[in-house]
Amino acid sequence: MKKIAFFDAKPYDITSFRRYENEEIKFRFYENKLNPDTMSIAAQYDGVCAFVNDTLNRDVINYLGENGVGVIALRCAGYNNVDLKAAQGKVKIYRVPAYSPHAIAEHTMGMILMLNRKLHRAYIRTRDHNFSLEGLTGFDLYGKTVGIIGTGKIGCCFADVCKGFGMKVFGFDPYKNSNFCGEYCNLDELLSSSDIISLHCPLTKENKHIINSDTISKMRDGVYIINTSRGKLVDTAALIEGIKEGKVGACGLDVYEEETAFFFEDKSDEIILDDNLLRLIAMPNVLVTSHQAFLTKEALDTIAQVTVQNFADYFNSCESKNEVVAK
Ligand code: NAI
(Lines give C-alpha, C1' and ligand atoms only; values in the text may rest on other atoms or scores of the structure.)
Protein backbone atom coordinates (compact mmCIF):
# COMPACT_ATOMS: atom_id res chain seq x y z
CA MET A 1 0.00 0.00 0.00
CA LYS A 2 1.27 3.48 -0.90
CA LYS A 3 1.08 6.28 1.64
CA ILE A 4 0.74 9.88 0.49
CA ALA A 5 1.24 13.04 2.59
CA PHE A 6 -0.84 16.08 1.66
CA PHE A 7 0.51 19.49 2.67
CA ASP A 8 -1.40 22.75 3.12
CA ALA A 9 -4.55 20.62 3.20
CA LYS A 10 -7.89 22.31 3.74
CA PRO A 11 -11.25 20.71 4.64
CA TYR A 12 -12.42 20.94 1.02
CA ASP A 13 -9.30 19.00 -0.10
CA ILE A 14 -10.00 16.28 2.44
CA THR A 15 -13.63 16.00 1.29
CA SER A 16 -12.74 15.70 -2.38
CA PHE A 17 -9.76 13.29 -1.94
CA ARG A 18 -10.98 10.94 0.85
CA ARG A 19 -13.31 9.01 -1.46
CA TYR A 20 -10.34 7.90 -3.59
CA GLU A 21 -8.64 6.03 -0.73
CA ASN A 22 -8.58 2.25 -1.05
CA GLU A 23 -6.38 -0.70 -0.06
CA GLU A 24 -3.72 0.45 -2.55
CA ILE A 25 -3.43 4.12 -1.56
CA LYS A 26 -3.89 5.95 1.77
CA PHE A 27 -3.75 9.70 2.43
CA ARG A 28 -2.59 11.68 5.46
CA PHE A 29 -3.56 15.36 5.46
CA TYR A 30 -1.31 17.99 7.07
CA GLU A 31 -2.39 21.60 7.54
CA ASN A 32 1.25 22.75 7.47
CA LYS A 33 2.89 23.87 4.28
CA LEU A 34 5.72 21.80 2.87
CA ASN A 35 9.03 23.59 3.49
CA PRO A 36 12.44 22.84 5.05
CA ASP A 37 10.81 22.69 8.51
CA THR A 38 8.27 20.05 7.52
CA MET A 39 10.18 18.04 4.89
CA SER A 40 11.14 15.40 7.47
CA ILE A 41 7.42 14.54 7.81
CA ALA A 42 7.15 14.16 4.04
CA ALA A 43 10.15 11.82 3.98
CA GLN A 44 8.12 9.15 5.81
CA TYR A 45 5.78 8.74 2.82
CA ASP A 46 5.90 7.18 -0.64
CA GLY A 47 4.63 10.35 -2.27
CA VAL A 48 3.71 13.95 -1.58
CA CYS A 49 0.76 16.03 -2.72
CA ALA A 50 1.57 19.75 -2.68
CA PHE A 51 -0.15 23.04 -3.49
CA VAL A 52 0.72 26.49 -4.85
CA ASN A 53 2.41 27.93 -1.76
CA ASP A 54 4.42 24.89 -0.69
CA THR A 55 8.20 25.32 -0.97
CA LEU A 56 9.64 22.92 -3.52
CA ASN A 57 13.12 24.34 -3.83
CA ARG A 58 16.40 22.47 -4.37
CA ASP A 59 16.91 21.73 -0.65
CA VAL A 60 13.45 20.25 -0.14
CA ILE A 61 13.54 18.25 -3.37
CA ASN A 62 17.04 16.88 -2.71
CA TYR A 63 16.01 15.85 0.81
CA LEU A 64 12.87 14.10 -0.42
CA GLY A 65 14.76 12.35 -3.23
CA GLU A 66 17.50 11.17 -0.85
CA ASN A 67 14.86 9.83 1.53
CA GLY A 68 13.03 7.74 -1.02
CA VAL A 69 10.12 10.02 -1.95
CA GLY A 70 9.95 9.55 -5.71
CA VAL A 71 6.86 11.57 -6.59
CA ILE A 72 5.37 14.99 -5.92
CA ALA A 73 1.91 15.51 -7.39
CA LEU A 74 0.79 19.13 -7.45
CA ARG A 75 -2.95 19.57 -7.03
CA CYS A 76 -2.83 22.69 -9.20
CA ALA A 77 -1.84 23.76 -12.71
CA GLY A 78 0.99 26.25 -12.03
CA TYR A 79 4.42 24.86 -11.07
CA ASN A 80 6.46 28.06 -10.65
CA ASN A 81 7.17 27.04 -7.02
CA VAL A 82 9.05 23.89 -8.12
CA ASP A 83 12.78 23.73 -8.90
CA LEU A 84 12.35 21.41 -11.88
CA LYS A 85 16.09 21.22 -12.57
CA ALA A 86 16.68 19.97 -9.03
CA ALA A 87 13.93 17.38 -9.47
CA GLN A 88 15.39 15.99 -12.69
CA GLY A 89 16.31 12.30 -12.24
CA LYS A 90 15.41 12.38 -8.51
CA VAL A 91 11.73 13.11 -8.00
CA LYS A 92 8.96 13.01 -10.60
CA ILE A 93 6.68 16.05 -10.64
CA TYR A 94 3.08 15.90 -11.85
CA ARG A 95 0.38 18.56 -12.09
CA VAL A 96 -3.27 18.97 -13.04
CA PRO A 97 -2.96 21.00 -16.24
CA ALA A 98 -6.65 21.87 -16.55
CA TYR A 99 -9.38 21.33 -13.99
CA SER A 100 -11.86 24.00 -14.90
CA PRO A 101 -10.69 26.95 -16.96
CA HIS A 102 -14.33 28.08 -16.70
CA ALA A 103 -14.00 28.46 -12.92
CA ILE A 104 -11.17 30.98 -13.25
CA ALA A 105 -12.68 32.76 -16.27
CA GLU A 106 -16.02 33.16 -14.47
CA HIS A 107 -14.33 34.44 -11.29
CA THR A 108 -12.41 36.97 -13.41
CA MET A 109 -15.65 38.31 -14.89
CA GLY A 110 -17.20 38.28 -11.41
CA MET A 111 -14.42 40.55 -10.16
CA ILE A 112 -14.88 42.93 -13.11
CA LEU A 113 -18.65 43.14 -12.57
CA MET A 114 -18.20 43.71 -8.85
CA LEU A 115 -15.64 46.47 -9.32
CA ASN A 116 -17.40 48.17 -12.20
CA ARG A 117 -20.93 48.11 -10.75
CA LYS A 118 -19.62 48.68 -7.18
CA LEU A 119 -21.53 45.65 -5.92
CA HIS A 120 -19.23 45.35 -2.90
CA ARG A 121 -20.23 48.84 -1.83
CA ALA A 122 -23.93 48.40 -2.67
CA TYR A 123 -24.08 45.22 -0.57
CA ILE A 124 -22.73 47.03 2.52
CA ARG A 125 -24.93 50.11 1.91
CA THR A 126 -28.28 48.39 1.67
CA ARG A 127 -27.50 46.25 4.74
CA ASP A 128 -27.09 49.58 6.55
CA HIS A 129 -30.39 50.82 5.04
CA ASN A 130 -28.48 53.32 2.91
CA PHE A 131 -30.28 53.29 -0.44
CA SER A 132 -28.33 56.15 -2.03
CA LEU A 133 -26.79 55.51 -5.48
CA GLU A 134 -24.16 58.22 -5.07
CA GLY A 135 -20.73 57.01 -6.22
CA LEU A 136 -22.03 53.72 -7.65
CA THR A 137 -21.93 54.68 -11.36
CA GLY A 138 -20.30 52.05 -13.56
CA PHE A 139 -19.87 51.72 -17.32
CA ASP A 140 -21.32 49.37 -19.94
CA LEU A 141 -18.98 46.50 -20.71
CA TYR A 142 -20.70 46.24 -24.09
CA GLY A 143 -18.43 47.83 -26.71
CA LYS A 144 -15.41 48.15 -24.38
CA THR A 145 -12.04 46.56 -25.11
CA VAL A 146 -10.52 43.83 -22.97
CA GLY A 147 -6.83 42.88 -23.34
CA ILE A 148 -5.94 39.32 -22.40
CA ILE A 149 -2.30 38.52 -21.63
CA GLY A 150 -1.95 34.76 -22.10
CA THR A 151 -4.44 33.07 -24.40
CA GLY A 152 -4.18 29.47 -23.19
CA LYS A 153 -7.04 27.47 -21.72
CA ILE A 154 -8.20 30.09 -19.21
CA GLY A 155 -7.48 33.11 -21.44
CA CYS A 156 -9.58 31.57 -24.24
CA CYS A 157 -12.49 30.79 -21.88
CA PHE A 158 -12.36 34.32 -20.53
CA ALA A 159 -12.27 35.72 -24.08
CA ASP A 160 -15.48 33.77 -24.84
CA VAL A 161 -17.12 35.20 -21.71
CA CYS A 162 -16.13 38.73 -22.77
CA LYS A 163 -17.46 38.17 -26.30
CA GLY A 164 -20.76 37.22 -24.69
CA PHE A 165 -20.84 40.69 -23.13
CA GLY A 166 -20.29 42.28 -26.55
CA MET A 167 -16.72 43.36 -25.79
CA LYS A 168 -13.88 43.76 -28.25
CA VAL A 169 -11.18 41.22 -27.32
CA PHE A 170 -7.44 41.66 -27.84
CA GLY A 171 -4.85 39.04 -26.95
CA PHE A 172 -1.11 38.93 -26.45
CA ASP A 173 0.71 35.61 -26.32
CA PRO A 174 4.02 34.44 -27.82
CA TYR A 175 2.12 31.33 -29.02
CA LYS A 176 -1.09 31.78 -30.97
CA ASN A 177 -4.05 29.60 -30.06
CA SER A 178 -6.57 28.68 -32.75
CA ASN A 179 -9.32 28.58 -30.07
CA PHE A 180 -8.84 32.27 -29.24
CA CYS A 181 -11.90 34.21 -30.38
CA GLY A 182 -10.22 37.65 -30.23
CA GLU A 183 -7.64 39.52 -32.23
CA TYR A 184 -3.90 39.11 -31.56
CA CYS A 185 -1.69 42.20 -31.15
CA ASN A 186 1.65 43.04 -29.55
CA LEU A 187 1.92 43.90 -25.87
CA ASP A 188 2.21 47.67 -26.37
CA GLU A 189 -0.90 47.74 -28.57
CA LEU A 190 -2.80 45.73 -25.98
CA LEU A 191 -1.68 48.03 -23.16
CA SER A 192 -2.63 51.23 -24.98
CA SER A 193 -6.00 50.10 -26.34
CA SER A 194 -7.59 48.11 -23.50
CA ASP A 195 -10.16 49.37 -20.99
CA ILE A 196 -9.63 46.20 -18.98
CA ILE A 197 -6.42 44.13 -18.87
CA SER A 198 -6.54 40.59 -17.52
CA LEU A 199 -3.55 38.33 -16.86
CA HIS A 200 -3.83 34.65 -17.81
CA CYS A 201 -0.21 33.59 -18.35
CA PRO A 202 2.01 31.48 -16.09
CA LEU A 203 4.74 33.13 -14.04
CA THR A 204 8.16 32.66 -15.63
CA LYS A 205 11.58 34.26 -15.09
CA GLU A 206 10.95 36.41 -18.17
CA ASN A 207 7.55 37.83 -17.25
CA LYS A 208 8.02 38.61 -13.54
CA HIS A 209 6.53 42.11 -13.02
CA ILE A 210 5.16 42.26 -16.56
CA ILE A 211 2.83 44.85 -15.00
CA ASN A 212 5.23 47.53 -13.74
CA SER A 213 5.49 51.34 -13.74
CA ASP A 214 6.58 51.36 -17.40
CA THR A 215 3.76 49.12 -18.67
CA ILE A 216 1.21 50.91 -16.48
CA SER A 217 2.28 54.26 -17.99
CA LYS A 218 1.37 52.88 -21.45
CA MET A 219 -2.18 51.97 -20.38
CA ARG A 220 -5.37 54.00 -20.82
CA ASP A 221 -6.34 56.33 -18.00
CA GLY A 222 -8.76 54.55 -15.68
CA VAL A 223 -7.74 51.08 -16.88
CA TYR A 224 -8.94 48.05 -14.89
CA ILE A 225 -6.21 45.49 -14.11
CA ILE A 226 -7.26 41.97 -13.13
CA ASN A 227 -4.79 39.32 -11.98
CA THR A 228 -6.02 35.79 -11.37
CA SER A 229 -2.75 34.17 -12.48
CA ARG A 230 0.26 34.63 -10.20
CA GLY A 231 1.07 37.49 -7.82
CA LYS A 232 4.58 38.17 -9.03
CA LEU A 233 3.33 39.09 -12.51
CA VAL A 234 2.47 42.46 -10.95
CA ASP A 235 4.88 44.89 -9.29
CA THR A 236 2.66 45.71 -6.31
CA ALA A 237 4.40 48.98 -5.43
CA ALA A 238 3.96 50.25 -9.01
CA LEU A 239 0.32 49.14 -9.01
CA ILE A 240 -0.39 51.04 -5.78
CA GLU A 241 1.25 54.16 -7.24
CA GLY A 242 -0.88 53.77 -10.39
CA ILE A 243 -4.06 53.56 -8.32
CA LYS A 244 -3.08 56.53 -6.13
CA GLU A 245 -2.40 58.63 -9.24
CA GLY A 246 -5.79 57.62 -10.71
CA LYS A 247 -4.12 56.01 -13.72
CA VAL A 248 -5.49 52.63 -12.68
CA GLY A 249 -9.26 52.93 -12.24
CA ALA A 250 -9.78 49.62 -10.46
CA CYS A 251 -7.96 46.43 -9.71
CA GLY A 252 -9.01 42.86 -8.98
CA LEU A 253 -6.41 40.59 -7.41
CA ASP A 254 -7.03 36.91 -6.77
CA VAL A 255 -3.28 36.48 -6.31
CA TYR A 256 -0.71 38.68 -4.60
CA GLU A 257 3.09 38.86 -4.69
CA GLU A 258 3.47 38.02 -1.01
CA GLU A 259 0.39 35.83 -0.68
CA THR A 260 2.20 32.83 0.82
CA ALA A 261 2.09 34.33 4.32
CA PHE A 262 -1.65 35.09 4.20
CA PHE A 263 -3.79 33.50 1.53
CA PHE A 264 -5.86 30.41 2.35
CA GLU A 265 -5.54 31.19 6.10
CA ASP A 266 -7.80 32.92 8.64
CA LYS A 267 -5.72 35.87 9.88
CA SER A 268 -8.68 37.79 11.32
CA ASP A 269 -7.24 37.74 14.86
CA GLU A 270 -3.81 38.96 13.80
CA ILE A 271 -2.22 42.29 12.96
CA ILE A 272 -1.29 42.18 9.28
CA LEU A 273 2.25 43.51 8.91
CA ASP A 274 2.28 43.71 5.11
CA ASP A 275 1.64 47.40 4.41
CA ASN A 276 1.11 46.91 0.67
CA LEU A 277 -1.61 44.32 1.25
CA LEU A 278 -3.30 46.55 3.83
CA ARG A 279 -3.15 49.53 1.47
CA LEU A 280 -4.74 47.54 -1.35
CA ILE A 281 -7.49 46.13 0.84
CA ALA A 282 -8.28 49.64 2.14
CA MET A 283 -8.86 51.05 -1.36
CA PRO A 284 -12.52 51.20 -2.47
CA ASN A 285 -11.63 50.38 -6.08
CA VAL A 286 -9.58 47.27 -5.26
CA LEU A 287 -11.00 43.80 -4.74
CA VAL A 288 -8.75 41.16 -3.22
CA THR A 289 -9.85 37.52 -3.14
CA SER A 290 -7.69 34.87 -1.55
CA HIS A 291 -6.61 32.72 -4.54
CA GLN A 292 -10.20 31.60 -4.81
CA ALA A 293 -10.75 31.60 -8.57
CA PHE A 294 -10.35 27.82 -8.91
CA LEU A 295 -12.77 27.01 -6.09
CA THR A 296 -15.77 25.36 -7.70
CA LYS A 297 -17.17 21.91 -7.02
CA GLU A 298 -16.41 20.84 -10.59
CA ALA A 299 -12.78 21.99 -10.34
CA LEU A 300 -12.22 20.25 -6.97
CA ASP A 301 -13.67 16.99 -8.33
CA THR A 302 -11.37 17.10 -11.37
CA ILE A 303 -8.31 18.03 -9.28
CA ALA A 304 -8.84 15.00 -7.02
CA GLN A 305 -9.52 12.60 -9.87
CA VAL A 306 -6.52 13.67 -11.98
CA THR A 307 -4.12 13.83 -9.01
CA VAL A 308 -5.02 10.29 -7.93
CA GLN A 309 -4.51 9.13 -11.54
CA ASN A 310 -1.11 10.90 -11.56
CA PHE A 311 -0.05 8.91 -8.47
CA ALA A 312 -1.33 5.69 -10.08
CA ASP A 313 0.63 6.41 -13.27
CA TYR A 314 3.80 6.95 -11.25
CA PHE A 315 3.43 3.84 -9.08
CA ASN A 316 2.53 1.71 -12.14
CA SER A 317 5.43 3.21 -14.19
CA CYS A 318 3.02 4.50 -16.85
CA GLU A 319 3.86 7.49 -19.00
CA SER A 320 1.81 10.58 -18.23
CA LYS A 321 1.22 13.81 -20.12
CA ASN A 322 0.81 15.46 -16.73
CA GLU A 323 4.44 14.95 -15.76
CA VAL A 324 6.36 18.24 -15.68
CA VAL A 325 10.02 18.23 -16.65
CA ALA A 326 12.70 20.91 -16.82
CA LYS A 327 13.03 22.49 -20.27
P1 NAI B 1 -2.13 27.53 -20.31
O2 NAI B 1 -0.79 26.88 -20.26
O3 NAI B 1 -3.26 26.84 -20.99
O4 NAI B 1 -1.98 28.99 -20.97
C5 NAI B 1 -1.01 29.91 -20.60
C6 NAI B 1 -0.71 30.76 -21.82
O7 NAI B 1 0.15 31.83 -21.41
C8 NAI B 1 -0.01 30.02 -22.96
O9 NAI B 1 -0.72 30.20 -24.16
C10 NAI B 1 1.38 30.66 -23.00
O11 NAI B 1 1.91 30.71 -24.32
C12 NAI B 1 1.07 32.06 -22.49
N13 NAI B 1 2.21 32.80 -22.02
C14 NAI B 1 3.35 32.36 -21.43
N15 NAI B 1 4.16 33.40 -21.15
C16 NAI B 1 3.54 34.52 -21.58
C17 NAI B 1 3.86 35.90 -21.58
N18 NAI B 1 5.01 36.33 -21.07
N19 NAI B 1 2.99 36.76 -22.12
C20 NAI B 1 1.81 36.34 -22.65
N21 NAI B 1 1.44 35.05 -22.67
C22 NAI B 1 2.30 34.15 -22.15
O23 NAI B 1 -2.49 27.86 -18.78
P24 NAI B 1 -3.92 28.14 -18.16
O25 NAI B 1 -4.54 26.85 -17.72
O26 NAI B 1 -4.70 29.02 -19.06
O27 NAI B 1 -3.53 28.92 -16.81
C28 NAI B 1 -2.93 30.19 -16.85
C29 NAI B 1 -2.44 30.55 -15.46
O30 NAI B 1 -3.54 30.74 -14.58
C31 NAI B 1 -1.63 29.45 -14.75
O32 NAI B 1 -0.28 29.45 -15.15
C33 NAI B 1 -1.77 29.82 -13.30
O34 NAI B 1 -0.72 30.70 -12.95
C35 NAI B 1 -3.10 30.57 -13.25
N36 NAI B 1 -4.12 29.85 -12.49
C37 NAI B 1 -4.73 30.49 -11.44
C38 NAI B 1 -5.70 29.85 -10.71
C39 NAI B 1 -6.41 30.54 -9.57
O40 NAI B 1 -7.14 29.90 -8.81
N41 NAI B 1 -6.28 31.85 -9.41
C42 NAI B 1 -6.10 28.47 -11.01
C43 NAI B 1 -5.45 27.92 -12.17
C44 NAI B 1 -4.48 28.58 -12.87
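Author: Below we go through the ligand site, the domains and a handful of residues.

Reader: Before that, what am I looking at, and what's the numbering?

Author: It's a predicted model, where local features need pLDDT of at least 70, side-chain atom pairs count only at pLDDT 80 or more, and totals for chains, interfaces and linings use all residues. Residues are numbered from 1 along each chain as its sequence is written, and side-chain values use heavy atoms, with hydrogens and water left out.

Reader: Which residues have an N or O atom facing a ligand oxygen?

Author: Asp-173 has a side-chain N or O atom 2.6 Å from a ligand oxygen. Phe-294 brings a backbone N or O atom to 3.1 Å from an oxygen of the ligand, and a polar backbone atom of Ser-229 sits 3.3 Å from a ligand oxygen. A polar contact here is a pair of N or O atoms within 3.5 Å; within protein, one must be able to donate a hydrogen and the other to accept it, and residues adjacent in sequence count only if both atoms are side-chain atoms.

Reader: And how much of the ligand does the protein bury?

Author: The protein buries 85% of the 870 Å² that the ligand exposes when taken alone. Those areas come from the Shrake-Rupley method with a 1.4 Å probe; for residues, only the protein chains shown count as cover.

Reader: What does Phe-294 touch?

Author: Leaving out residues up to four places away in sequence, Phe-294 touches Tyr-12, Phe-51, Tyr-99, Ala-103, Ile-104, Phe-264, Ala-299, Leu-300 and Ile-303. Contact means heavy atoms within 4.5 Å.

Reader: Leu-300, noted. What else is in contact with that one?

Author: Ser-16 is in contact with Leu-300 and with Ala-304, again skipping neighbours within four places in sequence. Ser-16 is in helix H1 (residues 11-18) and is buried at 5% relative accessible area.

Reader: Switching topic: what are the domains, and how far apart are their centres?

Author: Domain 1 is 2-99 + 297-324 and domain 2 is 101-288, with bounds that come from an automatic or database domain assignment. Their C-alpha centres lie 30 Å apart. The contact takes 12 residues from domain 1 and nine residues from domain 2.

Reader: Which residues of H3 are buried, and what covers them?

Author: In helix H3 (residues 58-66), the buried ones are Val-60, Ile-61, Asn-62 and Leu-64. Their cover includes helix H2 (39-42), strand S3 (47-50), strand S4 (71-74) and helix H4 (84-87). After H3 comes Gly-68, with a positive phi near 85 degrees.

Reader: Which residues other than glycine have a positive phi?

Author: Asp-8, at about 55 degrees, and His-129, near 60 degrees, are among them. Most residues other than glycine have a negative phi.

Reader: Are those two buried or exposed?

Author: Asp-8 is buried at 2% relative accessibility, in the loop between strand S1 (2-6) and H1. His-129 is exposed, with a relative accessible area of 63%, and lies in the loop between helix H6 (119-127) and strand S6 (145-149).

Reader: Last one: what does the side chain of Asn-81 reach?

Author: The side chain of Asn-81 reaches the backbone oxygen of Phe-51 at 3.1 Å. Asn-81 lies in the loop between S4 and H4 and is buried, with a relative accessible area of 16%.

Conventions:
Helix = DSSP H or I, 4+ residues; strand = E, 2+ residues; numbered from the N terminus. Buried < 20%, exposed > 50% of the residue type's maximum accessible area, 1.4 Å probe, protein only.
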